[in-house]
Amino acid sequence: MESKRICIIGAGVSGLTACKQALDRGFNPVVFESSSDIGGVWSRTLDCTKLQAPSFMYRFSDFPWPEHVTDLYPNHHQVIEYLWSYVSLSHFGLSKCIKFEHRVLGIEYVGAKEEQMAAWESWAGNV
């Protein structure tokens with residue numbers, strides 16, 4: 001059976017985690033990223049920017065910070081390196097799902113009508 005293809009807009013932290021979760025659940029995600037880099041706002045911050053939360057609070061639950069990052073508040077470059085490690089083929093293989101320099105100009109919903117969805121007993125994964 002062919003897996004369902006889904007679209008994720010943006011390869012920021014949320015887009016990357018959505019992609020990982022979709023892969024884990026058997027979907028075939030495609031992440032459209034308008035720039036040539038991952039990280040969302042992290043890819044466009046000043047070099048002097050650091051995390052505002054301690055590193056132990058800003059991490060993927062299934063992917064620890066590398067041992068060489070010992071700063072409580074990692075800097076911009078350390079965050080970007082961490083994110084690239086997360087998407088690498090040697091870890092979760094998310095990079096194969098990302099389409100760089102692909103800007104989404106519009107979307108259109110095609111599917112069930114609101115009345116149909118309102119009648120569903122299981123909505124948004126409630127089952």
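Isoleucine 38 touches Ala11, Leu16, Ser43, Ile80, Leu83, Trp84, Val87, Ile98 and Phe100, leaving out residues up to four places away in sequence. Contact here means heavy atoms within 4.5 Å. The model is predicted: local features need pLDDT of at least 70, side-chain atom pairs count only at pLDDT 80 or more, and totals for chains, interfaces and linings use all residues. Residues are numbered from 1 along each chain as its sequence is written, and side-chain values use heavy atoms, without hydrogens and water.

The largest nonpolar core has 21 residues. Such a core is a set of buried Ala, Val, Leu, Ile, Met, Phe, Trp, Tyr and Cys residues joined through side-chain atoms within 4.5 Å. Buried means under 20% relative accessible area (1.4 Å probe, protein chains only). Leu16, Ile38, Leu83 and Tyr86 have the most contacts inside this core. Helices H1 (13-24) and H2 (76-87) each supply at least two of its residues. H2 gives the most, with 6 residues. Helices are DSSP runs of H or I with at least four residues, strands are E runs of at least two, and both are numbered from the N terminus.

Leucine 16 lies in H1. Leucine 16 counts as buried because its relative accessibility is 0%. Beyond four places in sequence, its contacts are Ala11, Ile38, Leu83, Tyr86, Val87, Leu94 and Ile98.

The buried residues of H1 are Gly15, Leu16, Cys19, Lys20 and Ala22. They fall within an arc of 165° seen down the helix axis, so they line one face. The arc is taken from the directions from the axis to the C-beta atoms. Their cover includes strands E1 (5-9), E2 (28-33) and E3 (98-100), together with H2. Just after H1, glycine 26 takes a positive phi of about 90°.

Definitions and conventions. Buried means under 20% relative accessible area, exposed over 50%, partly exposed in between (1.4 Å probe, protein chains only).
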